[in-house]
Amino acid sequence: MNVTRERAAAVLAGNWLGSSTVPSRSLYPHQWSWDSAFIAFGLRHLSPGRARRELLTLFSAQWPDGRVPHIVFDPGTPPEAYFPGPSFWRAGRTSGLVQPPVHARAVLAVHEAAPDHAFLAALYPKLVAWHDYLRTRRDAGGRGLVAIVHPWESGMDNSPAWDGPLSRVTPATGFVRRDLTHGEAGDRPSDDDYGRYVRLATAYRDSGYRAPGDFVVEDPGFNALLADAELALAEIAEELGLPSGAHREAAARVEKALQETLWENGFFFARDVHTGALIREHTCAGLLPLVLPDLAVAPALLATATGPRFGLGRVHGVPSYDLTAPGFDPGRYWRGPSWSNVGWLVRRGLLGHGEHALAERLRDDLVETAFGTGFAEYCDPLTGTGHGTRSFSWTAALTVDLLTAQPAAVA
């Protein structure tokens, strides 16, 4: 085991709670939904049993309506360690929001590393219910796309794409931010943005987690990952000897809706469902449809990715926001820094579209930057300087995967 892989494995061992992995012992002391999926991609190479346990633990908290909550709270962690905690959500041991559906792809990858049909059989109906929830309960725009009702659901909390919709929200006050205890204020969302997050979450909670409020957005990243997840679910169904056609058809419908609704001038933009208008901010979410192997507009999207807005292949990782925009900030959360999970997903897309040299250049940079920053949460795309917390689990896990997977691997 080389030194980088060994240290990444040590991060994952240090963040393991016994049945799941925290993203960070300090800043994020519970289980997060899409974090656990990315963590499983790495754990499958180190301990397939732990990878299976990670995902089974997450899905044990699935709601009766099919949603997979974005946080599963650890009962052994003091309530004051994170805000908003379980008492805020009033939902037992979970939050009431969701995160991008990368889970089916993770389940399939774990099975491929160490085949276990019982594991697939246990999670297949749960994944079906999860996707059904998204398609039926979250199609607020009526165009076959999932709408998110809170920036946290995108996984890209303070993306500049959310500024317009958030401007309708009056910030809440009177709460204590726990994140600033463990992170630099300059790396984190502003107080006003955090107040808006709390206001939206409060309103959604008080509606019984049914009625969307002032923030209802179709996010291209979330929907691309749902289409990819349906393709993974089709493969899982085939492994179990079940029909897979409905999953492939669902993926094709989402992909078609993405191109018909969110594609414009060489890029995928988010859409504000309340106004019907595209939000013309170039964020990394608009690159994630590259994971879809049959994406007709892939050449144009690749041109945008490698152009001046993202500088793919010439900067560190994949910037979360347009390098040429006046609001680009290389150190503040999702307003410019590069994240390893986005780089990992874009690399998958590059491989799927035959861009092997660029994919390997990105792989090498992701590994070197992760090691050089102590597996930082995110990094400055211009300098490679680490930001956010260190010993971050998905950075470590995806480094293990990049070091272990064959160069031409896609999943």
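The legends below describe close-up views of a predicted model.

**Figure 1. The largest pocket and the residues around its centre.** The largest pocket holds about 330 Å³ of space. Its lining is made up of 21 residues, of which Arg105, Asp228, Leu231, Val291 and Pro293 are the closest to the centre. Two or more lining residues come from each of the elements α5 (103-113), α11 (220-239), α12 (245-261) and α14 (340-352). Helix α12 gives the most to this lining, with four residues. By residue class, the lining of the largest pocket comprises ten nonpolar, three polar and eight charged residues.

**Figure 2. A network of salt bridges that includes Arg105 and Asp228.** Arg105, Asp228, Glu235 and Arg348 are linked to one another in a network of salt bridges. In total, the structure holds 23 salt bridges. Side chains of opposite charge can pair when their charged atoms come close.

**Figure 3. The salt bridge between Asp272 and Arg168.** The side chains of Asp272 and Arg168 meet with an N to O distance of 2.9 Å. Asp272 belongs to strand β7 (residues 270-272), whereas Arg168 is found in the loop between α8 (163-166) and α9 (179-182); the pair thus links distant parts of the chain, 104 residues apart. Asp272 counts as buried because its relative accessibility is 5%, under the 20% limit. Arg168, at 32% relative accessibility, counts as partly exposed.

**Figure 4. The salt bridge between Arg196 and Asp193 within helix α10.** The side chains of Arg196 and Asp193 form a salt bridge at 3.6 Å, N to O. Both residues lie in helix α10 (residues 191-206), where a spacing of three residues places them about one turn of the helix apart. Arg196 has a relative accessibility of 18% and therefore counts as buried, the limit being under 20%. Asp193 is likewise buried, with a relative accessible area of 13%.

**Figure 5. The salt bridge between Glu264 and Arg280.** The closest N and O atoms of Glu264 and Arg280 are 2.6 Å apart in this salt bridge. Glu264 lies in strand β5 (residues 263-264) and Arg280 in the loop between β8 (278-279) and α13 (298-306), so the pair ties together parts that are 16 residues apart in sequence. With a relative accessibility of 23%, Glu264 counts as partly exposed.

Methods. Residues numbered from 1 in each chain as written. Predicted model: local features only at pLDDT ≥ 70, side-chain atom pairs only at ≥ 80, totals over all residues. Heavy atoms only, no water. 1 Å grid on protein atoms, 1.4 Å probe; cavity = no way out; pocket = protein on both sides within 12 Å on 5 of 7 lines; lining within 4 Å. Points joined across faces, edges and corners; volume = space filled by probe spheres on them. Nonpolar A, V, L, I, M, F, W, Y, C, P; charged D, E, K, R; others polar. Salt bridge = Lys/Arg side-chain N within 4 Å of Asp/Glu carboxyl O. Buried < 20%, exposed > 50% of the residue type's maximum accessible area, 1.4 Å probe, protein only.
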